Amino acid sequence: LVDVLNAANQIIVDLAAVSGLIHDGMTRSPAWRLLDIGRRVERASDVSSFLRNVLSMHSPIERPLLKMILEVLDCQMTYRARYCLLYTSD
């Protein structure tokens, strides 16, 4: 299990490096816009699949599940900024 986690972490680091190179080194041409659109479409597709799978398995939906969804989708900062009065750190 440790080997799998180490391999996954290395892949994440490598992909972040490639993403950084693309973001910093590519001119903002139509090719960059197409790449950006593709990235956003893919993220939307992945998020919708994730939500469909997670929410169909849990009923009723409770606070710990919603907190886990925010964590997995890396949306906690956005949620806190928009709904700061509704969020508690418990």
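Reader: What counts as a helix or a strand here?
Author: Both are DSSP runs numbered from the N terminus, a helix (H or I) having at least four residues and a strand (E) at least two. This is a predicted model, where local features need pLDDT of at least 70 and side-chain atom pairs pLDDT 80 or more, while totals for chains, interfaces and linings use all residues. Residues are numbered from 1 along each chain as its sequence is written, and side-chain values use heavy atoms, without hydrogens or water.

Reader: OK, how many helices and strands are there?
Author: The protein chain has 4 helices and 0 strands. Read from the N terminus, its elements go α-α-α-α.

Reader: Where does Leu 66 sit?
Author: Leu 66 is part of helix H3, which covers residues 63-72.

Reader: Is Leu 66 buried, exposed or partly exposed?
Author: Partly exposed, because the relative accessible area of Leu 66 is 44%. Buried is under 20%, exposed is over 50%, and partly exposed is in between (1.4 Å probe, protein chains only).

Reader: And what share of the chain is buried?
Author: 9% of the 90 residues in the protein chain count as buried.

Reader: Changing topic. How many salt bridges does the count come to?
Author: The count is 2 salt bridges, each needing a side-chain nitrogen of Lys or Arg within 4 Å of a carboxyl oxygen of Asp or Glu.

Reader: Which residues are linked in the network?
Author: Asp 36, Arg 39 and Arg 40 are linked by salt bridges into a network. Asp 36 meets Arg 39 at 3.1 Å, N to O, and Arg 40 at 3.0 Å, N to O.

Reader: What about the largest pocket, which helix gives the most to its lining?
Author: Helix H2 (residues 30-57) does, with 7 residues. The lining includes Arg 39 and Arg 40, as well as Phe 50, Val 72 and Asp 74.

Reader: What is a pocket, then?
Author: On a 1 Å grid over the protein atoms alone, a pocket is an open set of points where a 1.4 Å probe fits, with protein on both sides within 12 Å along at least five of seven lines; lining residues have an atom within 4 Å of a point.
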